[in-house]
Amino acid sequence: MGVSLYIARRLSLASGGRGVSPAVSVAVVAVALSILVMMCAIAVVTGFKGEISSKVAGFNSHITITLNPTSVDPQNPTPLVSLSPTLKSILDSQPYIKDAALQASIPAILKTQSDFKGVYLKSLSGKNLNDFIGSAIVEGHMPDYSVDSCANHIVISRKAALQLGLHSGDAIDTYFITDAVRVRRLKISAIFDSHFDTYDDSFAYASLPLVQELGKLSDSQGTSIAVALTDFDDVDINAATLRQTLHDAYDQELIYKRYDVTTARQSGAAYFQWLDLLDMNVVVVLTLMTIVACITLVSGMLILMVDKVRFIALMSALGASRPTISRIFMLLAAKIAILGMLIGDALAIGLIYAQRATHFIPLDADSYYIDFVPVNLSWTAFIILNLAVLAIIWIVLILPSRFAGKAAPARTLAED
């Protein structure tokens, strides 16, 4: 390998002294474009999955704890939960839980003089939900519920605001149906737009005390407990652990009600199934681009062998073995592949950084739930991709490299 590497590093890729062979240039361009497309495909898919997952998890919370139907009081069929000190201590003791907050929601009707809309008025409970809704604000500002003057302030979606002709700062009559129909005039503090029409069309947000008051709940009661995890990627494992922990606590009579544990993946199953289909698209793109790069490199190697037939004959005359000559051309092809990969890497990284900084490539938010192409620059994935492509190319080049060294030295040099 030492002699082959030494010669390959110094052997020119020129064709007959006229500069770099067109076949070599085509091979470099093909490899560069293949790497560019593959890296962008991985960046877009991982970015898209991350954005959609964060939106679904933002609306549903990572894990939602609700009352098991077997624990519902027959005289009060509404499944209410309480974040008791014991339950809170159990949740706080779990190292994978970042935050747990009592949450409440009640049905409501927003009504103007000319139109109305049904929504669920949901409490802005927990840091994750506050941060998520706050990041989607397009008009107005998030209410500060620690201030008494914001007690009757709500946040509605842009879709609801457009349907009702409302803006931030407007007041809206809101009707609630519990044991009787009641009305409360609430002020719109902010309008959000997550581009998730299914959720945007269904929810408005208020403070937990307001929702509890309107739903005739006590200060300790809610409809669910929203749990935020330290790492959403482990949500299924953490949910199973938490489910078992709560079951054990019930058996030990530390808590006296059974609870159900639901993950955001279960609540938004349709979205995550759709995202899983994208993985197959990436596999198809990676396979096709790798095949294109390999075929172009094989073609370039064969043309390079024809251009270097005199060199092959001379090496054979000097006693070089066929394996040695084959390794020389494999290393030449690898050099071409590495050059193309470096160019493709540079172009891909530049394009990904530009898209992440400027969002210059837009998307139809109505179809894709986001108004720009999201990208995620994963260095681990890119390094693995480059190493895998280089390994596949090296393996593919073994067969055509065996054609090197078959030139008859005497006849080839005599023709010269």
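**Figure 1. Contacts across the protein chain of a predicted model.** Of the contacts (heavy atoms within 4.5 Å) in the protein chain between residues at least 6 apart in sequence, 77% join residues at least 24 apart. The model is predicted: local features need pLDDT of at least 70 and side-chain atom pairs count only at pLDDT 80 or more, while totals for chains, interfaces and linings use all residues. Residues are numbered from 1 along each chain as its sequence is written, and side-chain values use heavy atoms, with hydrogens and water left out.

**Figure 2. Helices, strands and burial.** The protein chain has 16 helices and 13 strands; these are DSSP runs numbered from the N terminus, helices being H or I of at least four residues and strands E of at least two. Of its 416 residues, 46% are buried, meaning under 20% relative accessible area with a 1.4 Å probe, protein chains only.

**Figure 3. The pair of Phe232 and Phe272.** The structure holds 14 aromatic pairs, in which ring centres of Phe, Tyr or Trp (its six-membered ring) lie within 6.5 Å. Phe232 and Phe272 form one that is tilted, with 6.3 Å centre to centre and 35 degrees between the planes; planes under 30 degrees apart count as stacked, over 60 as edge-to-face and the rest as tilted. Phe232 lies in the loop between β12 (224-229) and α8 (235-251), and Phe272 in helix α10 (residues 269-307), 40 residues apart. Both residues are buried.

**Figure 4. An aromatic cluster.** One aromatic cluster is formed by Phe48, Phe59, Phe132, Phe196, Tyr199, Tyr271, Trp274, Tyr368 and Tyr369.

Methods
Buried means under 20% relative accessible area, exposed over 50%, partly exposed in between (1.4 Å probe, protein chains only).
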